[in-house]
Amino acid sequence: MKLDWSHTVINIKDSEKILDFYTNTLSFKISDRGPIIENGPEIIFMSQDPNEHHQLAFVVSREEVGTQTSLNHISFRVGTFDELKKVKERLDSINHDYLPLCHGNALSFYFSDPEQNGIEVFTDTPWDVDQPQGVPWDPDLDEQSALEWVEQAFIDEPGFVKREKSIKEFVNRK
Ligand SMILES: [Fe+2]
């Protein structure tokens, strides 16, 4: 059996704030919306993938917005370092806090949506390394300097290898 990840559904309170953040800051498109059942709460579907009707859906049913949710974070991969920088620019443009964290295998930004649901956006590095790992990185570095820094910071950690090698080992795992 192989389970392909498809989507995550999150309960929210303020659909206006949430929609603004996920569409304007994170570039999602609304694919459908409507009441779940007659007179029930609205569900708003979003995607960035034409093959996936929704990658995220928000049910407008949350009663209280506190400082935390039980969701730790949802994570999105971007294909290039430049795209990761684009996310940083968008967050900077609305003065939105984020934590630049490097796991050795990825360069990430961690932040929260307007209702404290955790989000990570990352791009892969060319390496793998035993996890968990997490070291803050300088988000103003250019791509080459960032990758040089990653290699220096993680090269002595256990399991540090070029990614192709770790993929081969995973495939051969029982
Ligand atoms: Fe993560």
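A salt bridge here is a side-chain nitrogen of Lys or Arg within 4 Å of a carboxyl oxygen of Asp or Glu. Keep that rule at hand for the exercises below. The model is predicted, so local features need pLDDT of at least 70 and side-chain atom pairs count only at pLDDT 80 or more, while totals for chains, interfaces and linings use all residues. Residues are numbered from 1 along each chain as its sequence is written, and side-chain values use heavy atoms, with hydrogens and water left out.

**Exercise 1. Get your bearings**

Task: describe the chain as a whole, then divide it into domains.

Solution. 
- Step 1. Begin with secondary structure: the chain has four helices and 11 strands. Helices (H or I, at least four residues) and strands (E, at least two) are DSSP runs, numbered from the N terminus.
- Step 2. Along the principal axes, the C-alpha atoms fill a box of roughly 60 × 45 × 30 Å.
- Step 3. Of the 174 residues in the chain, 39% are buried. Buried means under 20% relative accessible area, exposed over 50%, and partly exposed in between (1.4 Å probe, protein chains only).
- Step 4. Look at the contacts (heavy atoms within 4.5 Å). Among those with a separation of 6 or more, 57% join residues 24 or more positions apart.
- Step 5. Domain 1 covers 1-62 and domain 2 covers 70-174; such bounds come from an automatic or database domain assignment. Their C-alpha centres lie 24 Å apart.

**Exercise 2. Take the domain interface apart**

Solution. 
- Step 1. Find the area. The size of an interface is often given as the accessible area lost when the parts come together. Between domain 1 and domain 2 about 1200 Å² is buried, with carbon and sulfur atoms giving 66% of it. Buried area is the accessible area (1.4 Å probe) that two parts lose on being put together, summed over both.
- Step 2. Phe21, Thr25 and Leu26 supply 38% of the area that domain 1 buries against domain 2, more than any other three residues.
- Step 3. Turn to polar features. Seven residue pairs are in polar contact across the interface, both partners being at pLDDT 80 or more. A polar contact is a pair of N or O atoms within 3.5 Å; within protein, one must be able to donate a hydrogen and the other to accept it, and residues adjacent in sequence count only if both atoms are side-chain atoms.

**Exercise 3. Follow the salt bridges**

Task: which residues form the salt bridge between the domains, and where do other salt bridges lie?

Solution. 
- Step 1. The count for the chain comes to seven salt bridges, and the count between domain 1 and domain 2 is one.
- Step 2. Arg62 forms a salt bridge with Glu115, with the closest N and O atoms 3.5 Å apart.
- Step 3. Compare Arg33 and Glu42, whose side chains meet at 2.7 Å, N to O. Arg33 is partly exposed at 44% relative accessible area, and Glu42 is partly exposed at 25%.
- Step 4. Asp124 and Arg77 meet in a salt bridge at 2.9 Å, N to O. Asp124 lies in strand S8 (residues 118-124) and Arg77 in strand S5 (residues 74-77), so this pair ties together parts that are 47 residues apart in sequence. Asp124 counts as partly exposed at 31% relative accessibility, whereas Arg77 counts as exposed at 56%. Arg77, Asp124 and Arg163 are linked in a network of salt bridges.
- Step 5. Lys88 and Asp92 meet at 2.8 Å, N to O. Both lie in helix H2 (residues 81-93), four residues apart, about one turn of the helix. Lys88 counts as buried at 11% relative accessibility, while Asp92 counts as partly exposed at 34%.
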